Amino acid sequence: MVLIYKVFTIQVVKQEDIGKNIDKYDSIVRETKATRGNIYDCNGVLLAYNKLSYSVTMQDYKAFATEEEKNSMIFKLIKIIESSGDKLFPEFFIEKDKYGKLKFTVEGAAENRFKRDAYKSTSVEKLTVEQRNATAEQVYNHLKSGDYMFGISDKYSLDDALKIMKIRFALLLNTYNKGNPISVAVNVNEKTVAAILEYSAELPGVEIAEHTYRSYNESKYFAHVLGYTGNVNENEIAADKEEYYNSTDQIGKTGVEYSFEKYLRGNKGSEEATLSSGYYVTDVKTITEPKAGSDIYLTIDSKLQKNCYNILEKELATVLLTKIHNSASYGERGKNASNIMIPIYEVYNALFDNGAIDLVRLEKNKASKVEKSVYSKYKSERNEVIIKLKELLKINDVKAERDDKAMSEYIDYLYSYIKAEKLIDVEIVDENDDNFKAYIEGKKSLGDFLKYAIAQRWINLEKLNIGSEYLSMDEIYKILLKNIFDNISSDLKFKKIVYKNLIFDNVVSGTEVCLILFSQGFLKKDDKAYNNLLSGIESPYSFIRSKIKSLEITPARLALDPCSGSMVITDPNTGKVKALVTYPSYDNNKLANQINAKYYAKLQADKSFPLINRPCQQKTAPGSTFKIISTAANLGTGVLGENEKIHDGVVFTKTDKPAACWSRISHGNIDARTAIEVSCNYFFYETGYRMSLDADGKYNSALGLSKLNKYAAMFGFKKGTTSGVELYEYEPSISDTDSVRSSIGQGSYAFTPAQISRYISGIANGGTLNYLTVIDEIKSIDGKIIKNNISNAGNKKAPKIELEQRIWDTMKDGLYQVINGNRSSYKSVFKNINTIAAGKSGTAQFSTMRGDHALFMSYAPYDKPEISVTCVLPYAYTSANAVRAVADFYEYYFGDRDDEALGKKAVEDNVDNIISD
């Protein structure tokens with residue numbers, strides 16, 4: 001209250017005093033922002049709302065006689081803001097690189113648009129060739145001191161000039177919107193507010209404005225559904241046919257915030273501000289009041305959402321603990337994906353590789369003893385590696401480069417570094433060139449290739465500071481190598497490779513890795529555990545396992561397979577989504593309003609890819625979950641009799657590409673229901689083959705695919721169709737290869753978890769393919785229900801799946817038997833569920849070098865479905881791992897729904913590796 005009173009007295013009372021003594025000079029009409037609507041869950045729990053904050057704004061009045069006066073005032077403003085601990089808000093697309101040179105922070109079309117604005121052109125097309133090709137330094141110099149530009153004096157350092165330029169550029173973009181001030185800093189602290197008000201007489205056009213900023217509760221659980229808001233960009237303004245937005249506005253960027261922007265944003269108001277000759281606001285009169293945006297109520301149940309997230313995390317930890325072992329062996333990697341193992345050394349390395357351990361901190365003077373010891377080992381190894389690399393690039397012996405696995409990795413790194421730093425212009429490299437192909441295939445040394453690239457003028461001489469002077473190829477080659485070896489030591493990727501090799505060579509021990517986790521504060525202080533590690537009472541292997549089990553080290557932190565997953569809970573009778581869960585997640589508070597650049601860079605570098613909305617944006621092959629569609633196609637096309645049995649021959653050999661069943665032991669003579677229950681690949685290979693026989697009895701894959709795809713479309717899988725969820729979602733990929741393998745959900749089928757949820761929900765309710773929705777209702781500020789014109793649900797009639805009753809009976813019986821049948825692999829997993837469920841698992845093959853994808857789709861109760869549950873765990877080896885996650889949810893949902901008990905449920909550290917599809 002003290003701060004609010006101070007703002008009032010200085011900005012209003014003081015301005016009134018000024019107004020009495022100084023003649024009125026002018027008045028302007030400016031907009032007033034509307035308050036954004038809130039977002040709630042289905043039970044009225046608040047998820048997204050607005051917090052009152054203060055912003056520093058600036059209006060570009062004609063208050064300065066010279067550009068230097070304006071720049072001097074802006075610099076004073078910058079110092080006030082930064083000394084108070086706040087940051088500048090406007091975007092600017094030139095910055096210093098790590099070598100102190102200027103670079104663009106955007107490229108392509110965005111860079112061209114920036115140049116258009118910098119050169120005050122009306123379009124990109126009207127830029128001159130010189131302007132279009134201008135470097136960052138040239139654009140900077142133009143803005144700094146070009147004709148009719150900013151006139152920034154040389155007395156300012158490069159860093160300070162860039163800051164002044166950032167604000168001047170924002171004012172330039174706001175030229176035709178001068179009635180509305182730009183935001184110089186947002187959500188500022190009390191110290192900034194007080195300082196701005198204190199020096200207000202020296203800061204004409206600068207005001208402290210009350211703004212709201214978007215805030216999200218328990219953000220990690222809802223980030224991908226809610227999305228976040230941010231400053232409107234040029235593309236969004238250009239696409240705004242209603243001309244609602246200007247450069248000072250916030251707009252929904254992703255999620256529901258984006259999809260329902262028009263409902264949430266409200267309507268702006270306007271006011272008239274009277275200015276004195278000293279450019280102080282002396283009076284403000286409201287012209288029209290702003291109207292707050294509508295509130296949105298989601299179908300999401302926040303409790304279910306949170307519990308599903310935690311279930312996923314625990315299941316992924318369980319899978320990791322089952323796979324991690326105290327050895328350097330990878331099991332059957334490269335031969336059998338289900339039997340891949342994770343050496344403990346991969347875990348130690350993952351802590352370095354995915355940012356749990358801060359590599360920069362190891363180099364600091366304040367580093368702990370163990371950190372300094374590890375860094376000393378790193379420096380020795382780094383120096384030795386650089387010496388070896390220099391020698392290799394001198395002798396140019398491809399055999400020497402490739403025979404040593406570690407050095408081969410460094411050689412590959414060097415070329416990736418050269419590309420990343422744009423030392424080679426990849427856009428003009430001829431990938432069909434024999435010399436290029438020889439290098440890529442490992443038949444030509446890197447040094448020879450680089451010399452060839454120099455001769456072909458593929459090397460970027462400007463990046464090497466080589467001007468127009470003539471240099472021989474060898475001279476350019478030496479300059480190139482010097483540039484590389486002078487700089488790779490500071491490159492994070494290079495550091496990570498060095499540390500990896502130190503770990504796998506046992507130079508850096510597991511104990512040292514664990515101690516660093518304490519030293520850097522990644523793990524809470526625990527003197528007993530620290531001393532037990534130091535003395536050898538506890539091994540680093542058992543310590544790491546204990547921390548994964550307690551989730552102090554999470555699957556997301558390690559980013560080893562598996563580290564991600566999704567779960568979709570839907571009411572099959574309505575299509576309302578009760579939970580749409582992505583693991584891992586992120587804090588959308590740090591991206592809303594003004595992006596935290598450091599945090600965003602961390603998210604982009606995170607190898608668990610937390611920004612992906614997995615239920616909508618991660619497609620996998622459906623695997624054996626597709627066999628329900630195949631069953632419908634088999635019976636519908638008549639290639640299979642309702643009670644017909646097929647003998648499982650284990651290996652299907654009727655095509656030129658033999659295909660094996662997952663089980664090496666025959667399932668015997670089985671009908672369609674049992675084939676679903678035991679997920680017999682051979683059975684569906686045979687029926688897929690039969691569907692592909694033409695009138696002459698010849699195998700025609702395209703013919704079989706046309707039939708399969710017709711039935712897939714009936715269940716919602718066709719081009720141009722998504723699940724209906726009001727979030728950005730990838731379209732399904734429809735198979736165009738190998739009808740035999742496509743019949744078991746391989747081929748080139750790929751669906752999102754949301755699309756699979758719609759599919760199983762349509763089966764559960766008996767044939768209505770409801771569009772999924774996350775929107776329950778929209779309410780205006782006065783409580784009236786607003787029509788939702790965006791969602792498919794409610795605006796489009798749900799398609800019906802038209803099948804004969806015998807086909808429905810067969811499919812549903814099969815789904816029942818998967819969980820409850822005599823030959824079910826999962827009966828014991830569901831033994832604690834207080835209802836009868838039905839479902840189908842799927843293990844989608846990806847590569848023998850990584851785990852298969854694990855899928856499970858289901859619904860319950862079987863006789864009168866209330867919910868469907870779909871779970872997809874990429875690279876989780878076997879579907880049983882997805883099945884366990886779903887069973888845990890059912891146990892909670894159909895039990896006493898004890899959130900505390902579910903939260904305390906321990907991570908299992910060893911489970912059976914059930915292979916059943």
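Helix H17 (residues 405–420) and helix H21 (residues 492–504) pack with their axes 11 Å apart, at an angle of about 175 degrees. Because angles over 145 degrees count as roughly antiparallel, H17 and H21 are roughly antiparallel to each other. On the H17 side the contact is made by Ala 406, Glu 409, Tyr 410 and Tyr 413, which meet Lys 493, Phe 494, Ile 497, Val 498, Lys 500 and Asn 501 in H21. By class, this contact of H17 with H21 has 6 nonpolar, 1 polar and 3 charged residues.

The model is predicted. Its chain has an average pLDDT of 93, and 97% of the residues score at least 70. Over residues 1–24 the pLDDT stays under 50, and for that stretch the model has 31 contacts beyond four places in sequence.

In H28 the residues in contact are Lys 627, Ser 630, Thr 631, Ala 633, Asn 634 and Thr 637; they meet Asn 681, Phe 684, Thr 687 and Met 691 in H30. The contact of H28 with H30 has 3 nonpolar, 6 polar and 1 charged residues by class.

The two pairs are listed below.

| Helix pair | Axis angle | Axis distance |
|---|---|---|
| H17 and H21 | about 175 degrees | 11 Å apart |

Helix H3 is mostly covered, with 7 of its 10 residues buried. These are Glu 111, Asn 112, Phe 114, Lys 115, Arg 116, Asp 117 and Ala 118.

Lys 115 lies in H3, which spans residues 109–118. Its relative accessible area is 1%; since buried means under 20%, Lys 115 is buried. Apart from neighbours within four places in sequence, Lys 115 is in contact with Phe 104, Leu 127, Gln 131, Arg 132, Asn 133, Ala 134 and Val 139. H3 is followed by Lys 120, which has a positive phi near 55 degrees.

Definitions and conventions
Residues numbered from 1 in each chain as written. Predicted model: local features only at pLDDT ≥ 70, side-chain atom pairs only at ≥ 80, totals over all residues. Heavy atoms only, no water. Contact = heavy atoms within 4.5 Å. Helix = DSSP H or I, 4+ residues; strand = E, 2+ residues; numbered from the N terminus. Nonpolar A, V, L, I, M, F, W, Y, C, P; charged D, E, K, R; others polar. pLDDT = per-residue confidence, 0-100. Buried < 20%, exposed > 50% of the residue type's maximum accessible area, 1.4 Å probe, protein only. Axes fitted to C-alpha atoms, helices over the stretch in contact; angles between N-to-C directions. Parallel < 35°, antiparallel > 145°, perpendicular 65-115°, else oblique.
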